[in-house]
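Student: I would like a close look at one part of this model, namely the sheets and the aromatic rings that go with them. Please walk me through it in one connected answer.

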Amino acid sequence: MWRVFDFSARHTLHDVHHAIQLAFELDDDHLHAFYLSGKHWDRDSEVTAEDADGVRLFRLGLEPGRKLSYVFDFGDELWHELEVVAVSESEAAPEEPLLVESVGEAPPQYEGEGSAELPEADVTELVPLATELVRLFTSDTDANTDIAPEVLRSAYPVALDLARRLDGDAERFWALEEACDADLLELLLDLPLALAHADMITEGSDVALALAFIEPSSFLSDRALLLADAGQREAALSQLSENLRSLAEDTWVEIRSGEVYAILGEFAEAEARFRAALERSSDPDTRAAAHEQLLALLRAQNRGAEASALEAAERSPEQRRVAERAVEHATAQTSAATRWLTPKVGRNDLCPCGSSKKYKKCCGANA
């Protein structure tokens, strides 16, 4: 199944993106990128959505047989292989990309589209519980402070009861969220760590486990984090190990695992996790989180040269090559006895990265 287009040399990669969107009936509301080498996630040849409008085709030195890759939607990863069929001169280049050949029907953008719809889940009996949770959280309106303990004590049993009644059915949860017309997941995601910060460790752990069927990477990562923060080392390592085994493909899990290792004093392992996440990450938000965590870790160990090199490495391929040499030199100068030089950071302490924000609102924020 393929499509063939005529492009002008002055068309941009954004024009190519737009032509593909129309031809394959995609919704054009997700991130996308081109990889000029044809290799998936090749950072050195990546052209992001932000830059595509400034890259004209005549500047790419395209020749027949040249292949590029295009990915739309970094979550579902809809990959397209682009091949230059021919390059020719014309006195009347098309003003807009022209679709000149179409073979095969465009596949549905999402799995299951076009099939018979399942009956809508009946969540009527759960709406009062969800409404009560929304009421409790929205009654605590000061975004600059922790959720009040009395709110948490009231929300905890309601959340557990809701999880029990949902009985592991994530589809019913999403139907409930729609029925309530509220971002119920966002409220619940805050709950485990909020309970733990209010010294309700067991309650936070219970809620994280009970709600894990909705968003396992977030809730189970938070459980490992709150156990580590509470000094429950073995329980934290056990949850962390399970997360890395069952959610290995999730880059956020890698980042949160690095945070857990750092809290437990396993700094080499924490660094390895942050670097692995940085290497694997394609989504800008995820990559930025891995980058900031790694920077904070390096700076807290007085490894300023490596931190500076890491910052430079994010700017351009050329700077990355210079930075790699700088890292090698800095590493050679670093004593094997280098270790974490700052004490454990409290959630309400200033973040050690130097941002002047509280740790819980900065590097310790719930990703």
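**Strands and aromatic rings**

Tutor: Strands here are DSSP runs (E, at least two residues), as are helices (H or I, at least four residues), numbered from the N terminus. Please keep in mind that this is a predicted model, where local features need pLDDT of at least 70 and side-chain atom pairs count only at pLDDT 80 or more, while totals for chains, interfaces and linings use all residues. Residues are numbered from 1 along each chain as its sequence is written, and side-chain values use heavy atoms, leaving out hydrogens and water.

S1 runs antiparallel to strand S6 (residues 98-103), joined to it by five bridges; two strands pair if DSSP finds at least two bridges between them.

Now to the open sheet of four strands, whose order is S3-S2-S4-S5 with antiparallel pairing. Strand S3 (46-48) and S5 are at the edges with a single partner strand each, so one side of each has no neighbour in the sheet. On average, neighbouring strands of this sheet are turned by 20° against each other, direction ignored. Within the sheet, S2 and strand S4 (residues 67-72) pair in the antiparallel sense over four bridges, and His32 has Phe72 in S4 as its bridge partner.

The aromatic rings come next. Rings of Phe, Tyr and Trp (its six-membered ring) pair if their centres lie within 6.5 Å; planes under 30 degrees apart count as stacked, over 60 as edge-to-face and the rest as tilted. By this rule there are seven aromatic pairs. Tyr35 and Trp41 are edge-to-face, because their planes stand at 80°, with ring centres 5.9 Å apart. Tyr35 is buried, at 0% relative accessibility, whereas Trp41 is partly exposed at 26% (buried means under 20% relative accessible area, exposed over 50%, partly exposed in between, with a 1.4 Å probe and protein chains only).

Tyr35 also pairs with Trp79, this time tilted, at 5.9 Å centre to centre and 45° between the planes. That pair links distant parts of the chain, with Tyr35 in strand S2 (residues 32-35) and Trp79 in strand S5 (residues 78-83), 44 residues apart. Trp79 is partly exposed, at 24% relative accessible area. Together with Phe74, the residues Tyr35, Trp41 and Trp79 form one aromatic cluster.

Technical notes:
Axes are lines fitted to C-alpha atoms, for helices over the stretch in contact, and angles run from 0 to 180 degrees between N-to-C directions.
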